[in-house]
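Biologist: Could you take me through one part of this model at close range? I would like a connected account of how that part sits in the fold.

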Amino acid sequence: MDKPVIDMALVSACETRIVNAWPAPTTLVVDQWVVRFANGYSGRANSASSLREGGDMDEATLAFVEGLYRQADLRPRIRFTPLVAEEARRRGLGLNAGHDL
């Protein structure tokens, strides 16, 4: 069966609108990720989301983001949208480190 074609520009536009429509009191940009903190009141508002196609985190960036969430007393949460790089998906970006996805 053929893999479905995904309009990445549309996905990016939707993700940008979602981030803006569901605000978080604190938002940081770390590389190509939006890292949001909302005192735990929702998963989406307390998560890291890639807004660009090919989103990935190297080990140092992942450790930095983990530290930010732990300082806020939150479990690290990474949203796996179609914008996340295929290599990151294969590696399981953060899967073995107690992250919510």
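Modeller: Happy to! The buried residues of α1 are Met-8, Val-11, Ser-12, Glu-15 and Val-19, where buried means under 20% relative accessible area and exposed over 50%, with partly exposed in between (1.4 Å probe, protein chains only). Seen down the axis of α1, these residues fall within an arc of 100°, so they line one face of the helix; the arc is that of the directions from the helix axis to the C-beta atoms. An α-helix has 3.6 residues a turn, so residues three or four places apart point the same way. The buried residues of α1 pack against β2, with contact taken as heavy atoms within 4.5 Å. On the face turned away from that buried side, α1 carries the exposed residues Ala-9, Arg-17, Asn-20 and Ala-21.

This is a predicted model: local features need pLDDT of at least 70, side-chain atom pairs count only at pLDDT 80 or more, and totals for chains, interfaces and linings use all residues. Residues are numbered from 1 along each chain as its sequence is written, and side-chain values use heavy atoms, leaving out hydrogens and water.

Helices (H or I, at least four residues) and strands (E, at least two) are DSSP runs, numbered from the N terminus. Helix α1 covers residues 8-21, and its 14 residues should span 20 Å at 1.5 Å a residue, which agrees with end C-alpha atoms 20 Å apart; the expected span is 1.5 Å times one less than the number of residues. At the N-terminal end, Asp-7 caps α1, with a side-chain oxygen 3.2 Å from the backbone nitrogen of Ala-9.

Terms used:
Polar contact = N/O pair within 3.5 Å; in protein donor to acceptor, adjacent residues only side chain to side chain.
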